[in-house]
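Here are my notes on the model, point by point. Please read them with the structure open.

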Amino acid sequence: MDDAEVDRTLAACEHALAGAGTPDLRALGFWRAVAAVKRRRELVDRYADRIAAIDRQAFRRHVRLAFPVTFGVIALDVGLFGGLLLLAIAIGADHPWRELLVLAGAGALDVATHGLAHLAVGTFGGIDFTDWFVDLPRKPQPGFKIDYASYLRASPRQRAWMHAAGAIATKLTPFLVIPYAVAIGTDTWAVVVLLVLGVVQILTDLLYSVRASDWKKFRREMRLAR
């Protein structure tokens with residue numbers, strides 16, 4: 001896609017968004033135009049803000065449950081520290097409450113660290129975020145919406161590791177909790193549940209995420225970094 005095609009495609013998307021409803025940006029060629037801009041760094045400054053405006057407007061029309069980033073950070077921090085508190089309380093709890101507290105704490109950490117890892121690594125790499133959202137029913141797990149202008153201006157490697165960060169954090173969490181669970185005398189069945197959770201998440205990444213989620217995006221951006 002050359003410069004003229006990129007310009008025509010973005011104009012078509014802007015025209016579609018000027019009307020009612022939520023246009024199909026993929027069908028209009030928006031993401032092909034974005035890919036073309038990514039491949040040519042000289043086009044980023046020319047089109048980054050325009051692409052971000054289109055992406056943001058389409059997002060606002062499509063996603064209803066969107067909140068300020070600060071709200072998301074607070075909610076996930078509550079989940080993070082709540083999970084750690086449950087793990088701490090588990091030490092003095094009797095069986096089977098100890099096991100239930102450990103599993104609940106691990107679950108809270110698993111959910112909270114995913115989004116916070118994306119946010120932390122992205123922010124460190126110069127990527128801004130505009131919203132914390134839940135896209136029901138397609139994507140029930142909360143996420144942070146990137147500002148596409150800053151995303152395009154970041155290097156491909158920075159973008160890639162931002163995508164990977166959440167997946168890595170989620171996969172590590174059960175395996176980091178297991179030694180703690182063993183150390184406080186958690187029953188074997190709960191330790192096995194943590195192990196199964198970790199393995200299932202890895203298998204999910206291998207079978208799904210490499211084709212449709214974080215690891216797909218990681219691989220896409222790393223190809224641009226070569």
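1. Elements. The chain has 9 helices and 3 strands. Here helices (H or I, at least four residues) and strands (E, at least two) are DSSP runs, numbered from the N terminus. From that terminus the order is α-α-α-β-α-α-β-β-α-α-α-α.

2. Basis. This is a predicted model, in which local features need pLDDT of at least 70 and side-chain atom pairs count only at pLDDT 80 or more, while totals for chains, interfaces and linings use all residues. Residues are numbered from 1 along each chain as its sequence is written, and side-chain values use heavy atoms, with hydrogens and water left out.

3. Overall dimensions. Along the principal axes, the C-alpha atoms fill a box of roughly 70 × 40 × 30 Å. Of the 226 residues, 44% count as buried. Buried means under 20% relative accessible area, exposed over 50%, and partly exposed in between (1.4 Å probe, protein chains only). The chain exposes about 11900 Å², and carbon and sulfur atoms supply 65% of that area. Accessible areas come from the Shrake-Rupley method with a 1.4 Å probe; for residues, only the protein chains shown count as cover.

4. Contact range. Take the contacts in the chain with a separation of 6 or more: residues 24 or more positions apart account for 71% of them. Contact means heavy atoms within 4.5 Å.

5. Helices α2 and α3. Helix α2 covers residues 30-39 and helix α3 residues 41-62; their axes come within 8 Å and cross at roughly 150 degrees. Axes are lines fitted to C-alpha atoms, for helices over the stretch in contact, and angles run from 0 to 180 degrees between N-to-C directions. The pair is therefore roughly antiparallel. Angles under 35 degrees count as roughly parallel, over 145 as roughly antiparallel, 65 to 115 as roughly perpendicular and the rest as oblique. The crossing of α2 past α3 is left-handed. That term applies if the near helix is turned anticlockwise from the far one by less than a right angle; clockwise is right-handed. The α2 side of the contact includes Phe 30, Trp 31, Val 34 and Val 37. Among the α3 partners are Leu 43, Val 44, Tyr 47, Ile 51 and Ile 54. By class, the contact of α2 with α3 has 10 nonpolar, no polar and 4 charged residues. Ala, Val, Leu, Ile, Met, Phe, Trp, Tyr, Cys and Pro count as nonpolar, Asp, Glu, Lys and Arg as charged, and the others, Gly among them, as polar.

6. Helices α7 and α8. Helix α7 (residues 156-183) packs on helix α8 (residues 188-212) at about 165 degrees, with the axes 9 Å apart. That angle makes α7 roughly antiparallel to α8. Their crossing is left-handed. Phe 175, Ile 178 and Val 182 are among the α7 residues in the contact, and Leu 194, Leu 195 and Ile 202 are among those of α8. The classes are 13 nonpolar, 3 polar and 2 charged.

7. Helices α5 and α8. What is the handedness of the crossing of α5 and α8? α5 passes α8 in a right-handed crossing. Their axes come within 9 Å and cross at roughly 20 degrees. The two helices are therefore roughly parallel. On α5, the contact includes Leu 100, Leu 103 and Asp 110; on α8, it includes Trp 189, Val 193 and Gln 201. This contact divides into 8 nonpolar, 1 polar and 2 charged residues.

8. A cis bond to inspect. Most peptide bonds are trans. The bond from His 95 to Pro 96 is cis, with omega near 5 degrees. Pro 96 sits in the loop between α4 (69-90) and α5 (97-124).

9. Ala 169. This residue lies in helix α7. Ala 169 counts as buried because its relative accessibility is 17%. Beyond neighbours within four places in sequence, Ala 169 contacts Thr 113 and Ala 117.

10. Ala 225. Helix α9 (residues 214-225) holds Ala 225. At 24% relative accessibility, Ala 225 counts as partly exposed. Leaving aside neighbours within four places in sequence, Ala 225 is in contact with Pro 156 and Arg 157.

11. Pro 140. Is Pro 140 buried or exposed? At 55% relative accessibility, Pro 140 counts as exposed. Pro 140 is in strand β3 (residues 139-146). Not counting residues up to four places away in sequence, Pro 140 touches Val 134 and Asp 135.
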